[in-house]
Amino acid sequence: MDEELDRLCEDREALARLVEQHRILKEAVEQSPVHFAVYDSADCLIAWNAPYEENYPTAFERLRERAVAGRMTYADLIATELAQRLEPEAVEAEVRSRVRLQAQANGEPVLREYDGHTLRVYKYRLPSGAVAGFAVDITDLVEREAQLVEARRGAEQAARAKAAFLANMSHEIRTPMNGVIGVASLLSQTPLSEEQRDHLSLIEQSAETLLETINSILDFSKIEAGRLSIASEPFDLRKLCAETVSLMRPMAESKGLALRLSFPDATLSWFVGDALRLRQCLLNLVGNAIKFTRSGHVEMRVDQGSPGEVSIAVEDTGIGIPPEKLSHIFNAFEQVESHETREFEGTGLGLSITRRIVELLGGSIEARSGLNGGSTFTIALSMPPAPPGATVEEPEIEADEMPDLSGRRILLADDSRTNQFVFRRLLEESGAEIESCFNGQEAVEAFRGGGPDVIFMDVSMPVMSGIEATREIRALEHERDLAPVPIVALTAYAMEEDRERCVAVGMSDFVSKPFRRHDLIAAIHRTLPQCSEMPLAGAVEKSRAG
C-alpha cells in the first residue's frame, strides 16, 4: 500500500512538472515576436500565439469559437480574412494556392506580403502529420536593405561624379601645363644668361611639382575607387632598392645629406610582386625623408625573416613627427606642419597613397618618430621568392635620339595652337613634313586627301572628337582595304580607362600630356616599323601609365 502511494505521489509530481513546463513553454511562445501556429493532420488550427492571431484579426473575431474548439481549418482562416479585400474568385484562387503550399510544407522560407508588412514564413511537416508554421516579420530588415541599396547607389553615383570631376580637372590642368613645360623645354635649348637659366629652372621645377600633385590626386582617386591594379611578376629587389637610392642621391647631395643603402648579402634578392608600385612607395618614403631632414643622413635598410618575409625601413635624422600627429600621419591630406606655419611643400597624399599601395601588395607600414628625433618608416611585405632562373622583361624605354623622318608626313590633330607650336618645334629636327588641324573632322578629311605616315590625335576636340575621328578613319581603311595608319592618342586625359578607351576604338599608342620630346620620339619608334631598329641613344626608363 505504501509503495502504491509513493508511486502515485511521484506520478503527481511528474504531472505537476509537466504542467509547469507546458505553462512556461506557452508563455514563451506567447511572448515570442515570431508568429507561431500548429495545424493538425486534418488541417485544423490547434495551437497559436498572439502575433499569429494579430495577423488574421477578422478571422479570429468571427471564428474564435471554432478555433478554440479546434475546428477552424487553414482554408477557413485564409478565406475569411481575404474576403474583406478580394473578389470571391480571387479569394478562391488564393486559398487553393496557400492550401497547396501548406500541404507541401518542407521548411523552405517563403516571403509573404501582408498589410504593409513583409513576413518570412517557414512551415514544417511533423512526424504526426501536423504542420508547424513560423513567420518572422522582416519589414524593418527589408526597409534597411532598401536604404542600404539606395545609399550604395548614391555613393557609386558620387564616386562616378568625383572620378569624372577629377578626370576633367586633370585634363583642364594638363592642357595648359603642356604649353608651360613644352615651351620651357624649347627655351632651355636657346642661348640664355645664367640669370635667365635660373629663372627657367624655377619654372620647370614648379611645373614638375604641379604635375606630381595632379598625379598624386589621380592615384588617390583610383585607390579609393578600387581601380588600382597590382601586378605579380618576378623582380630583383636588390636592384630596385639600389636604383631608388641612385635616383634620389642628387636630391640628398644637394642638401648635404648622406644617402645609404643596407642590403645584406645573405638576403634573397628575387621575388614575385609589383616592382613598379613598390618603387613608387620607396621613392615617396625616401623623398619625404630627404625633404624633412636638414642635416645628417637618410638610410634604407632591407632585412629578411623567414623566406618571403621582407622588411624595408627608411630612416632619417630629420625634424621628426610630434606624438599627437604620428597616429594620423597616414590619413589623406594629413601634414605634420600646420597650414599657417608650413615650411615644406606637399599635398599630404603621399603617405596615404603609400599605405594603401602597401596594403594592396599584402603588406603593412608603420612609423616610429619623435619630435626632432628623426623618423623611421618600415614596410613589411610577404612576397613569394621567385623560382630559380626567373627573368624579368627589361622596361620599355623612350628615346632621346631624333629619328630621320625625311619624306614622312605627320598629322597632328589638336585644337590648341600652343600645343601645335610645341609639337612642331620638338619634332622639327626630324625632317618630317608636319601638318596640323584643329578637330577630328579636319583629321578625317586630311586622311581622305592622302594618308599621313602617322597621326597624333587629341581626344577632346570640337566638332568631332579624336575617338570619333579614329572610328571614321578605321572604317575608311576597312572600306578601301588599306593598311591601318598608326594613330597615337595625344591627350590630357591620363587615367588607365582613358588609355583603354583609346585602344578599344583602334588607336595604336597613347601619350599623355604634358608630353616631352622623348615621349614623341618613343611613340614614333613604337608605331613606325621603319624606326623600330634605330638605336635609342640617351634612353630613359618609361614609368607605367596611370
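In which loop does Pro514 lie? Pro514 is in the loop between S18 and helix H16 (517-527). Helices (H or I, at least four residues) and strands (E, at least two) are DSSP runs, numbered from the N terminus.

## Basis and overall content

This is a predicted model, in which local features need pLDDT of at least 70, side-chain atom pairs count only at pLDDT 80 or more, and totals for chains, interfaces and linings use all residues. Residues are numbered from 1 along each chain as its sequence is written, and side-chain values use heavy atoms, with hydrogens and water left out.

The protein chain holds 16 helices and 19 strands. Of its 546 residues, 40% are buried (buried means under 20% relative accessible area, exposed over 50%, partly exposed in between, with a 1.4 Å probe and protein chains only). Among the contacts (heavy atoms within 4.5 Å) with a separation of 6 or more, 63% are between residues 24 or more positions apart.

## The parallel sheet

Five strands make an open sheet with parallel pairing, in the order S15-S14-S16-S17-S18. Two strands pair if DSSP finds at least two bridges between them. Strand S15 (433-437) and strand S18 (509-512) are the edge strands, each pairing on one side only. From one strand to the next the twist averages 20 degrees; axes are lines fitted to C-alpha atoms, for helices over the stretch in contact, and angles run from 0 to 180 degrees between N-to-C directions. Helix H13 (residues 440-448) packs on this sheet and touches strand S14 (409-413), S15 and strand S16 (454-457). The direction of H13 makes about 160 degrees with that of S14.

S14 and S16 run parallel and are joined by 4 bridges, with Val454 in S16 as the bridge partner of Ile410. S16 also pairs with S17 in the parallel sense, over 3 bridges; here Ile455 has Ile487 in S17 as its bridge partner. Strand S17 (residues 487-491) pairs in turn with S18, again in the parallel sense, over 4 bridges. Ala489 has Phe510 in S18 as its bridge partner. In a regular strand the side chains alternate between the two faces of the sheet. S16 is covered on both faces: Val454 and Phe456 are buried on one side, and Ile455 and Met457 are buried on the other.

## The antiparallel sheet

A further open sheet of 5 strands has antiparallel pairing and the order S2-S1-S5-S4-S3. Its edge strands are strand S2 (45-48) and S3, each pairing on one side only. The twist averages 25 degrees from one strand to the next.

Strand S1 (residues 35-39) pairs with S2 in the antiparallel sense over 3 bridges, and Ala37 stands opposite Trp48 in S2. The loop between S1 and S2 contains Asp43. The loop between helix H5 (88-103) and strand S3 (110-114) contains Gln104, which counts as partly exposed because its relative accessibility is 49%. The C-alpha atoms of Gln104 and Tyr124 are separated by 9.0 Å, with the two residues 20 apart along the chain.

## Helices

Two packed helices are described by the angle between their axes and the distance between the axes. Helix H6 (residues 139-188) and helix H12 (residues 417-427) pack at about 35 degrees, with their axes 9 Å apart. Their contact includes Thr175, Gly179 and Gly182 in H6, and Phe421, Val422 and Arg425 in H12. By class, the residues of this contact are 5 nonpolar, 7 polar and 1 charged (Ala, Val, Leu, Ile, Met, Phe, Trp, Tyr, Cys and Pro count as nonpolar, Asp, Glu, Lys and Arg as charged, and the others, Gly among them, as polar).

Helix H9 (residues 275-291) is mostly covered, with 12 of its 17 residues buried. Among the buried residues of H9 are Arg277, Arg279, Leu282 and Asn288.

## Backbone exceptions

Most residues other than glycine have a negative phi, and most peptide bonds are trans. The peptide bond from Lys513 to Pro514 is cis, with omega near 0 degrees.

Asp43 is not a glycine, yet has a positive phi of about 70 degrees; Asp43 is buried, with a relative accessible area of 19%. Asp481, in the loop between helix H14 (466-480) and S17, has a positive phi near 60 degrees. Asp481 is exposed, with a relative accessible area of 70%.
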